[in-house]
Amino acid sequence: MDGGHVTDRGIWAARGGRGERLLVLLHGMGANASVWEPMLPLIQGSWRGRWVAPDLRGHGRSVREGPYGFGMHAVDVAGLIETEASGPVTLVGHSFGGAVAALVASGWFGPRVHGVAAFGVKIEWTEEETEKAHELARRPAPTFATRDEATARYLRVSGLAGLAPPDSATAAAGVIGTDGRFQVAMDPRAYGAVGPSVDGLLRSAQAPLRLAAGARDPMVTLEQMRRIDPVARVFEGVGHNAHWEAPEQVWDFIAGGTR
């Protein structure tokens, strides 16, 4: 996913398509916009409008400068929408990106949103899980002697190990550095965003919100999702990164509420 541009807030974003409708694709924690690569052929072939996929603050090619709370990410995305949108806006978010999408759709940040499709969002966090995330945020970014080592770490962090080939463009987008000082393209301080109620963030959406997850996703259950979205669904046979494992199922979920 090349050819992106950087906004005045330092947010890198790829763009495509034509028309008034806008589809905004928000990746999960530790990943970047390149994770949408498997879905782009479906989007470009079926979506009647434009699409934009940013690297969230602290991730990929975007600015590595906090704060990294949900509110800051929402401000960044709202600014991007203000620049890009000329018609109805649909937000799509995976995992952490789904919670950010719901917050953007709250109306507190300006843009009017037509609908939100979020999948793989971890709704319930234990105190131990939250503290682990905060501990990761306090650690300095590890440095690796080779690109291969950094790539392997990125694929684990993003959940793409075993899905994205190490020599793929997606894997390459997750690594920065040269001359024996390679790093994952993520500021560890971004983990500090974990803490606010995800249930509350999802319920803040003032636009129609639909939830889904892989049937084998260990992070969320259908019961948890249906407390918020009574018609939440699962993608059969896949796990957390359903957009890689079953892009057709995910696009059917997204397109079903945007036609």
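Predicted model: local features only at pLDDT ≥ 70, side-chain atom pairs only at ≥ 80, totals over all residues.

Visitor: What does the C-alpha trace span along its principal axes?
Guide: The trace spans about 50 × 40 × 35 Å.

Visitor: And how many of the residues count as buried?
Guide: Of the 259 residues, 54% count as buried. Among contacts with a separation of 6 or more, 72% are between residues 24 or more positions apart.

Visitor: Changing topic, what about the surface and the charges?
Guide: The accessible surface of the protein chain is about 11500 Å², and carbon and sulfur atoms contribute 51% of that. There are 26 positive and 28 negative side chains, with the centres of the two sets 3 Å apart.

Visitor: Now the helix. How many residues does H2 have?
Guide: Helix H2, residues 70-84, has 15 residues. From first C-alpha to last, H2 reaches 21 Å, close to the 21 Å expected at 1.5 Å a residue.

Visitor: Which residues of H2 are buried?
Guide: They are Phe70, His73, Ala74, Asp76, Val77, Ala78, Leu80, Ile81 and Glu84. An α-helix has 3.6 residues a turn, so residues three or four places apart point the same way.

Visitor: What covers those buried residues of H2?
Guide: The cover includes strands E2 (12-17), E3 (22-26), E4 (50-54) and E5 (89-94), together with helices H3 (96-104) and H7 (198-203).

Conventions: Residues numbered from 1 in each chain as written. Heavy atoms only, no water. Buried < 20%, exposed > 50% of the residue type's maximum accessible area, 1.4 Å probe, protein only. Contact = heavy atoms within 4.5 Å. Areas by Shrake-Rupley, 256 points an atom, 1.4 Å probe, with all protein chains shown as cover. Lys, Arg positive; Asp, Glu negative; His and termini not counted. Charge placed at Lys NZ, Arg CZ, Asp CG, Glu CD. Helix = DSSP H or I, 4+ residues; strand = E, 2+ residues; numbered from the N terminus. Expected span 1.5 Å × (residues − 1).
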